Amino acid sequence: MKTKSALFAMAIATLPLLSGCSSAGDAAPMAGRAAPLVVPPDFALEPTAATAIRPADGGQEQVLDALFGGIAPRSAAERAISTTSGNAEMGIRSSVGDPQTNTVNKGSITRDIIAAPEGDGQTAQAVIPG
């Protein structure tokens, strides 16, 4: 008798859970076709020619000024650095890879650090707070 009443109580308790299943068929998304886009007949649109010249009204400069606020004032330290460095040697970029160019040997430890795989090491962990 006790098992019968326990089963009956469980059946009554599961009825609210099963009531949500009755509308599952109605909630399925309905696929339909949208009406095609139509340009109204009173629009006289013509494609622009590929060779059309755009007007040079300075629009890009106005956008850059609006985004970044125009030319930023330079501090005295920044002006001193930029004026005391002098002019770059002509052809400096082509001589950078030259074997006669002196470079600094940073040693094997720096090379090992740069070549090390990403991730936690044996004794160190990288933790990003937050």
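Of the 130 residues in the chain, 0% count as buried. The model is a predicted one. Its secondary structure comprises 4 helices and 0 strands, in the order α-α-α-α along the sequence. The accessible surface of the chain amounts to about 13,500 Å², and carbon and sulfur atoms account for 62% of that area.

- Helix 2 spans residues 59–68.
- The number of buried residues among the 10 in helix 2 is 0, so this helix lies largely in the open.
- G69 follows helix 2 and has a positive phi, near 80 degrees.

**Helix 3 and the residue after it**

- Helix 3 covers residues 76–84, and because the number buried among its 9 residues is 0, the helix lies largely in the open.
- Just after helix 3, G86 adopts a positive phi of about 80 degrees.

**The salt bridge**

- Side chains that carry opposite charges can pair when their charged atoms come close.
- In the whole structure, the search finds 1 salt bridge.
- E78 forms a salt bridge with R74, and the closest N and O atoms are 3.6 Å apart; this separation meets the criterion because the cut-off is a nitrogen within 4 Å of a carboxyl oxygen.
- E78 counts as partly exposed because its relative accessibility is 38%.
- R74 is likewise partly exposed, with a relative accessibility of 49%.

Methods
Residues are numbered from 1 along each chain as its sequence is written. This is a predicted model: local features need pLDDT of at least 70, side-chain atom pairs count only at pLDDT 80 or more; totals for chains, interfaces and linings use all residues. Side-chain values use heavy atoms; hydrogens and water are left out. Helices (H or I, at least four residues) and strands (E, at least two) are DSSP runs, numbered from the N terminus. Buried means under 20% relative accessible area, exposed over 50%, partly exposed in between (1.4 Å probe, protein chains only). Accessible areas come from the Shrake-Rupley method with a 1.4 Å probe; for residues, only the protein chains shown count as cover. A salt bridge is a side-chain nitrogen of Lys or Arg within 4 Å of a carboxyl oxygen of Asp or Glu.
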